[in-house]
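Subject: Handover of a structure and notes on its contents

Dear colleague,

I am pleased to hand over the structure below for your review. My notes follow directly after it.

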Amino acid sequence: MRDAFGAEFEVPRGYLNTPSIGIPPGAVADAVAAGVDRWRRGADTPDDFDEAVALSRQGYADLVGVPVERVAVGTAVSQLLAPVAAGLPDGAKVLVAGGEFTSTTFPFAAQAHRGVTVTEVDLAALPSALPDHDVAAVSVVQSADGTRVDLDALREARERSGVPVALDVTQAAGWTPLRLDWADWVVAAGYKWLLSPRGAAWIAVHPRALERTVPVVAGWYAGEVPLETVYDMPLRLAKGARRLDLSPVWLAHLGAAVALPYLASLDPAAVHAHCAGLADTLLTALGLPARGSAIVALDADAEKLAAAGVIASTRAGKTRLGFHLYNTVADVEQVLDALGCDRRARPRG
């Protein structure tokens, strides 16, 4: 058991796989377990989950710096970006980063039958390439190696060109400060850095982008008052971003209702300093430049690390490690020991 940032985490030593699956605080797991217990006893009705959905929606809004009325709930990044892709005109040109996670790109590529094309460029070149396209979709932090897009340059390019931008913050929200009210769409899945069960995801939609976002998965929960839109035509959707709501995965939101407000209550600068600081400590000890990202990718023997108890993942041919609230210098030392790094060469403090 580890105490970190006012919460308890039952996380094993050497767990550096948050970019794949985040470990919840005890209170989050307890909330889900209590929900399972109520489920097995038939103790809930559908509207009993409304508060949890509202809390997770507000927590997401606070974490990405947008008004809560802009936020819709869903289950996965690809599902929430599908309405964005469906709203593109025939023949639209989409700009993405090379090596991007496919949940961010495939919804657009699936529109090829309408003449929609997807162009990949180097991440660093994406802001300058924006004016030649109709929309851009990019992860704020790249899944494979933790590289960060230049948000300031991208915002300037968006303001100058008027080309809308969709941001995926799945690998960013929860460890780095975000104020993204300028972006047209901001989407994230909750089961990684947001420490929530899989099945909870959110998208923030700027008012200027709402009409170009087609609710292709509209259902009863997308109504202004969901329990009043369970039967009969005509189509009647909520006026704002909630028209994109998907019927929530209840147990997932029970956890997210605890996890996201907790994360939003923390000092974002302190969280960033902790997470990115541990990653940079590792890089420096290995003679590599610090990058200011909580995710690092190493040319390291994944089997050797696993044998030493380091829990990580392999992505794009490299070993990917991620440092979150519950990690400590001891986890850094475990990696260095596994790689045979000379202790005398390590940074102190």
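The model is predicted: local features need pLDDT of at least 70, side-chain atom pairs count only at pLDDT 80 or more, and totals for chains, interfaces and linings use all residues. Residues are numbered from 1 along each chain as its sequence is written, and side-chain values use heavy atoms, with hydrogens and water left out.

The chain as a whole

The protein chain contains ten helices and twelve strands; these are DSSP runs numbered from the N terminus, with helices (H or I) of at least four residues and strands (E) of at least two. Its radius of gyration is 21 Å, close to the 20 Å that the globule rule gives for 349 residues, so the chain is as compact as a globular protein of that length. That radius is taken over C-alpha atoms, and the rule is 2.2 Å times the number of residues to the power 0.38. Along its principal axes, the C-alpha trace spans about 70 × 55 × 30 Å.

Of the 349 residues, 51% are buried; buried means under 20% relative accessible area, exposed means over 50%, and partly exposed lies in between (1.4 Å probe, protein chains only). The accessible surface of the protein chain comes to about 15,200 Å², of which 54% belongs to carbon and sulfur atoms. These areas come from the Shrake-Rupley method with a 1.4 Å probe, and for residues only the protein chains shown count as cover. Among contacts (heavy atoms within 4.5 Å) between residues at least 6 apart in sequence, 69% join residues at least 24 apart.

In strand E9 (residues 201-205), five of the five residues are buried. Ala201, Ile203 and Val205 point one way, while Trp202 and Ala204 point the other way. In a regular strand the side chains alternate between the two faces of the sheet.

Which strands pair with E9 in the antiparallel sense? Strand E3 (residues 71-74) is joined to E9 by four bridges, and strand E8 (residues 185-189) pairs with E9 over five bridges. Two strands count as paired if DSSP finds at least two bridges between them. The bridge partner of valine 71 in E9 is alanine 204, and valine 187 stands opposite isoleucine 203.

Strand E12 and helix H10

Strand E12 (318-322) has four of its five residues buried, so it is largely enclosed by the rest of the structure. Strand E10 (residues 295-298) pairs with E12 in the antiparallel sense over four bridges, and strand E11 (residues 313-315) is joined to E12, also antiparallel, by three bridges. Threonine 319 in E12 is the bridge partner of leucine 298 and of threonine 314. The hairpin of E11 and E12 has two residues between the strands, and in this hairpin alanine 316 takes a positive phi near 55 degrees.

E12 is also one of the elements against which the buried residues of H10 pack, together with strand E1 (2-4), helix H8 (268-285) and helix H9 (302-307). In H10 (residues 329-338), the buried residues are Asp331, Val332, Gln334, Val335, Leu336 and Ala338. Glycine 340 follows H10 and has a positive phi, near 70 degrees.

Where does valine 169 lie? Valine 169 is in the loop between strand E7 (165-168) and E8, and at 1% relative accessibility it counts as buried. Leaving aside neighbours within four places in sequence, valine 169 is in contact with Tyr60, Val64, Val140, Leu178, Leu180, Val186, Val187 and Ala188. The C-alpha atoms of valine 169 and glycine 190, which are 21 residues apart along the chain, are separated by 9.9 Å.

Aspartate 62 belongs to helix H2 (residues 50-64) and is partly exposed, with a relative accessible area of 38%. Beyond its neighbours within four places in sequence, aspartate 62 is in contact with Arg179 and Ala264. Aspartate 62 and aspartate 90 are 28 residues apart in sequence and 35 Å apart in space, C-alpha to C-alpha.

Glycine 26 is found in helix H1 (residues 26-40) and is partly exposed, at 29% relative accessible area.

With kind regards
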